[in-house]
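Work through the exercises below with the sequence and the model open. Each task is followed by a solution in steps.

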Amino acid sequence: PRIIKFRLEKNMGIFTGKTAIITGGGKAKSIGYGIATAYAKEGANLVLTGRNEQKLIDAKEDLEKLYGVKVLAVQADVNSNPESEQSVKNVVAKAVKEFGRIDVLINNAQASASGVPLAEHTLEQFNLAIYSGLYAAFLYMRECYPYLKETKGSVINFASGAGQASYAAAKEGIRGLSRVAATEWGKDGINVNIVCPLAFTAQLENFKAAYPEAYKKNLKAVPAGRFGDPEQDIGRVCVHLGSPDFKYMSGETITLEGGLGQRP
């Protein structure tokens, strides 16, 4: 009798053979990790950066084991230290050495002092948000540009309609930077978009435990009646934004807040 052999194929998806850099992608129950999971399920090789090396290593091991993709974990932190610029160059250089290409850059990482009114902000607190958010997005975009030009890739930057002074300033700066890049890089086949997310993360889970009544009030304000899922509601949209189907969309702000952040 004829013997038919079946071979288990490696995960095949729209990003098989392609590479995505995700900043802030190592923390469990975070938007960054949700995005990383969505891209891994589509076969992408991943470059994850963040401040905590152990969390990056844990994420790398989990994603490689679950989805059969290759993950490069590189510790990096953009702050007021002059060495920050070199750390970004190092991430990009390692990504190109390991995978030979960059197809998608996702600037998700952001740190800020929580709940501090504008009048009480220190310069150190303001710098924390500006450097980790705006400067990081600028440096990664600049360093990735030659490689994104080669692949006619995509940039997805993260902003928000929420937050206090330094956070809001960083996010609006990122939106302005993104619109300029969309204009300047359109001729190179690179599209650049901005996502404003609202998702149930570990941080929000902690808030729910500490302030249950305030959590219920915030949840009630969301027309969809729930907070987004980091992978399904945020990560999947990022997959589409980085795909060939959405190349003509550029310079846009996409609000993923369950109807809360409606714009005219």
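**Exercise 1.** Leaving aside its neighbours within four places in sequence, which residues is Glu-252 in contact with?

*Solution.* The model is predicted: local features need pLDDT of at least 70, side-chain atom pairs count only at pLDDT 80 or more, and totals for chains, interfaces and linings use all residues. Residues are numbered from 1 along each chain as its sequence is written, and side-chain values use heavy atoms, with hydrogens and water left out.

Step 1. Locate the residue: Glu-252 sits in the loop between H8 and E7. Helices (H or I, at least four residues) and strands (E, at least two) are DSSP runs, numbered from the N terminus.

Step 2. List the partners. Contact means heavy atoms within 4.5 Å. With neighbours within four places in sequence set aside, Glu-252 is in contact with Val-192, Asn-193 and Ile-194.

Step 3. Glu-252 has a relative accessible area of 43% and is partly exposed. Buried means under 20% relative accessible area, exposed over 50%, and partly exposed in between (1.4 Å probe, protein chains only).

**Exercise 2.** Describe the place and surroundings of Asp-77.

*Solution.* Step 1. Asp-77 belongs to the loop between strand E3 (71-75) and H3.

Step 1. Not counting residues up to four places away in sequence, Asp-77 touches Arg-51, Ser-84 and Ser-87.

Step 2. The C-alpha atoms of Asp-77 and Thr-49 are separated by 8.2 Å, with the two residues 28 residues apart along the chain.

Step 3. Asp-77 counts as partly exposed, at 29% relative accessibility.

**Exercise 3.** Determine how helix H3 (residues 84-99) packs with helix H4 (residues 123-151).

*Solution.* Step 1. The angle between H3 and H4 is about 30°, and their axes are 9 Å apart. Axes are lines fitted to C-alpha atoms, for helices over the stretch in contact, and angles run from 0 to 180 degrees between N-to-C directions.

Step 1. That angle makes H3 roughly parallel to H4. Angles under 35 degrees count as roughly parallel, over 145 as roughly antiparallel, 65 to 115 as roughly perpendicular and the rest as oblique.

Step 2. On the H3 side, Glu-85, Val-88, Lys-89, Val-91, Val-92 and Val-96 take part; they meet Leu-139, Tyr-140, Arg-142, Glu-143, Cys-144 and Tyr-147 of H4.

Step 3. Sorted by class, the contact of H3 with H4 has 8 nonpolar, no polar and 4 charged residues. Ala, Val, Leu, Ile, Met, Phe, Trp, Tyr, Cys and Pro count as nonpolar, Asp, Glu, Lys and Arg as charged, and the others, Gly among them, as polar.

**Exercise 4.** Treat helix H1 (residues 31-41) and helix H8 (residues 230-241) in the manner of a packing problem.

*Solution.* Step 1. H1 and H8 pack at about 60°, their axes 8 Å apart.

Step 1. H1 and H8 are therefore oblique to each other.

Step 2. By class, the contact of H1 with H8 has 8 nonpolar, 4 polar and 3 charged residues.
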